[in-house]
Structures are given as C-alpha cells and as structure tokens.
Amino acid sequence: MNFHIMTLFPEMVTDGLSSSIIGRAKEKGLISLNAVNIRDYSNDTKHHKVDDYTYGGGAGMLMQAQPIYDCYIDIKNKIEKENGKAPRVIYVTPQGKVFNQEIVTELAKEENLVFLCGHYEGVDERVLEEIVTDYISIGDYVLTGGELPAMVMIDAISRFVPGVLNNDESAMTDSFNNNLLEYPQYSRPEEWMGKKVPPILLSGDHKKVDEWRLEQSILRTKERRPDLYEKWLSENPPVEKKKKRRKKSSEAQVIDETVKDSENNGDNI
Ligand code: ADE
C-alpha cells in the first residue's frame, strides 16, 4: 500500500508515522509514505506562496488551486505510470463522511491512496471539484489542519495490510468487527487489587471462553455503543427456534412452542 500525502507540513506526517507498528511496516516495505510539500509546486518562485484572500470577503486565507493541482498531477502521473489507474483522492475535512471501520476496510483494498491536507480556512473549491474522489472526516470537531486526520486514517488502513500486524488474526477480532466492541481482557497476575480474573478464562475450555467473550462483547456494545448494538442486532436477529413438545399422553396432542434462542439475543446476557 502506497500512501501519498499532499501537505504543507510533510515532516509532521513522516515524523508522526515513523515509529511503532507503522514505522516497522515502512521499514519492511509493506507500506510506503510519500509526503509531498504542496509549497514546492507554487508558481511564486520568490515566496512560495500557496494561499490568498477569499473572494467575497471573510476572515482568513484559503489554499489556492494551482499548487495543489500541480502537486496532484505529479503524483497521479507517477502512479499511473506504475499501475495505469488514477488513484482515489481523499480530502480530509470535517465536512466529509465520518470515518469508520467499514471505510477502513474498503480503502485498504486500494494500492495507492492520495490524501489532501487542508490548512488555514480551507481550499479553493475548484480544485476539490477537479481532483477529490472522497470527502472524509474523523469526527465532529475541527482541527487546525488535515495532517492528524490523514495520519489517523493511514494508521487504521495500514493495520489491514497483510503482514503489518504480527498476528494477522488480530485485525479480525478487534473492536468493530461485526459491529461489536472487543471483550475485556486480562493478563497476569490472577488477582490484582483484590480483583480476580474471571474464572472461565482460567478453565482451559476454549469453547466456553469463546462463548463468554461473545457475551461480553454484546453486553459491552449494548452498554457503551447502543448505536452499534442496534446495527449488530439488525444483522444478527434472534433466531426463532421451533421446538416440538409432547403434552401428557392423555391429551395425546403435539404442540409447537416458539422459543427465543438466547445465544443469538443479547437481552438475556
Ligand atoms: N480537518 C480539520 N478538522 C478535521 C476533521 N475533524 N476531520 C478531518 N479533517 C479535518
């Protein structure tokens, strides 16, 4: 996966993504970071200006179209030379669709992703219309620039690149898989500050442990993220089981009783 970041602060992105798991993934060549300074594409050779006042008045400066467009064309030409396909271009903005795990898994399928990081009061609309394919926000609050949101997205997407996580499975079992939050976890010692590890986790019965973890995930999601719980419930409706039961022989009558399968319904857990 190759990430291309159009920014006025390339070192902020490269420094921020140079350590830990992402740093290691970069060293291993599993991902690449190409942070490109938009200022290098300014037509203003003297001051390398990239912003100007907004038409119609109003406070603040706006990033101009030309340096961003030229920067993008340079990146796009290089990508197209290698794999013949124009990349998706993400403008990180509080006006975008809110980032979530579904978007992460969708974007992780791409070979190249281009991020545009805005600053000041924003970006000239005309260049956005020309190059942007996706408008994405990391939440309903406003940051000083797009670099941190781009880094958040790159981190989340990189986790889905094969080999980035030591244990490939962990990407599948973490929070938000199937719209459920992750179950509580415990490490040694068995007792800390008078709090004991739930005995089932020490039982060695993997089936029971899995069942307990699923129960805990459901409970936790219901309590902490009722919105996600409703989503999960609609995708995992309680299974209606038909159970035949014979009444007393004198009545010699077979009745059907519909029971709810509690394993598939968080209400009983
Ligand atoms: N730029 C500024 N605030 C942002 C946000 N919440 N999400 C994405 N980009 C942003």
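These are my notebook entries on a predicted model, taken one topic at a time.

**Ground rules.** I number residues from 1 along each chain as its sequence is written. Because the model is predicted, local features need pLDDT of at least 70 and side-chain atom pairs count only at pLDDT 80 or more, while totals for chains, interfaces and linings use all residues.

**Overall.** I looked up the secondary structure and found nine helices and eleven strands in the protein. Helices (H or I, at least four residues) and strands (E, at least two) are DSSP runs, numbered from the N terminus. Next I looked up burial. A residue is buried if 20 or more other C-beta atoms lie within 10 Å of its own, exposed if 12 or fewer, and partly exposed in between, with C-beta atoms placed from the backbone. Buried residues make up 23% of the 269 residues. For contacts, I use C-beta atoms, placed from the backbone, within 7 Å. Of the contacts with a separation of 6 or more, 71% join residues 24 or more positions apart.

**Core.** I looked up the largest nonpolar core, and it has 42 residues. Such a core is a set of buried Ala, Val, Leu, Ile, Met, Phe, Trp, Tyr and Cys residues joined through C-beta atoms within 7 Å. M6, I68, I90, F115 and A150 have the most contacts inside it. I followed I90 further. Leaving aside neighbours within four places in sequence, I90 touches L113, V114, F115, L116, D134 and I136.

**Ligand shell.** Which residues are around the ligand? I list V92, T93, P94, S137, I138, G139, Y141, V142, L143, G146 and P149. The cut-off for being near is a C-beta atom, placed from the backbone, within 6 Å. Strand β5 (residues 88-98) gives the largest share, three residues. By class, I count seven nonpolar, four polar and no charged residues. Here Ala, Val, Leu, Ile, Met, Phe, Trp, Tyr, Cys and Pro are nonpolar, Asp, Glu, Lys and Arg are charged, and the others, Gly among them, are polar.

**Record check.** The unreviewed UniProt entry annotates G118, I138, G139, D140, Y141, V142 and L143 as "binding site". UniProt positions are in the numbering used here, feature names are shortened, and annotations may be inferred rather than shown by experiment.

**I138 and G139.** I138 sits in the loop between β7 (134-137) and α6 (147-158). G139 lies in that loop between β7 and α6 too. Is I138 buried or exposed? I138 is buried, because it has 21 C-beta neighbours inside 10 Å. G139 has 11 inside 10 Å, so it counts as exposed. Leaving aside neighbours within four places in sequence, I138 contacts F99, P149 and V152.

**Helix α6.** I checked its length. The expected span is 1.5 Å times one less than the number of residues. For the twelve residues of α6 that gives 16 Å, and the end C-alpha atoms are 16 Å apart, which agrees. Buried residues in α6 are E147, P149, A150, M151, M153, I154, I157 and S158.

Most residues other than glycine have a negative phi, and most peptide bonds are trans. The peptide bond from R188 to P189 is cis, with omega near 5°. P189 is in the loop between α7 (170-173) and β8 (191-192). H48 has a positive phi, near 55°. H48 is in the loop between β2 (32-37) and β3 (51-53). N178 also has a positive phi, near 65°, and belongs to the loop between α7 and β8.

Key: Contact = placed C-beta atoms within 7 Å.
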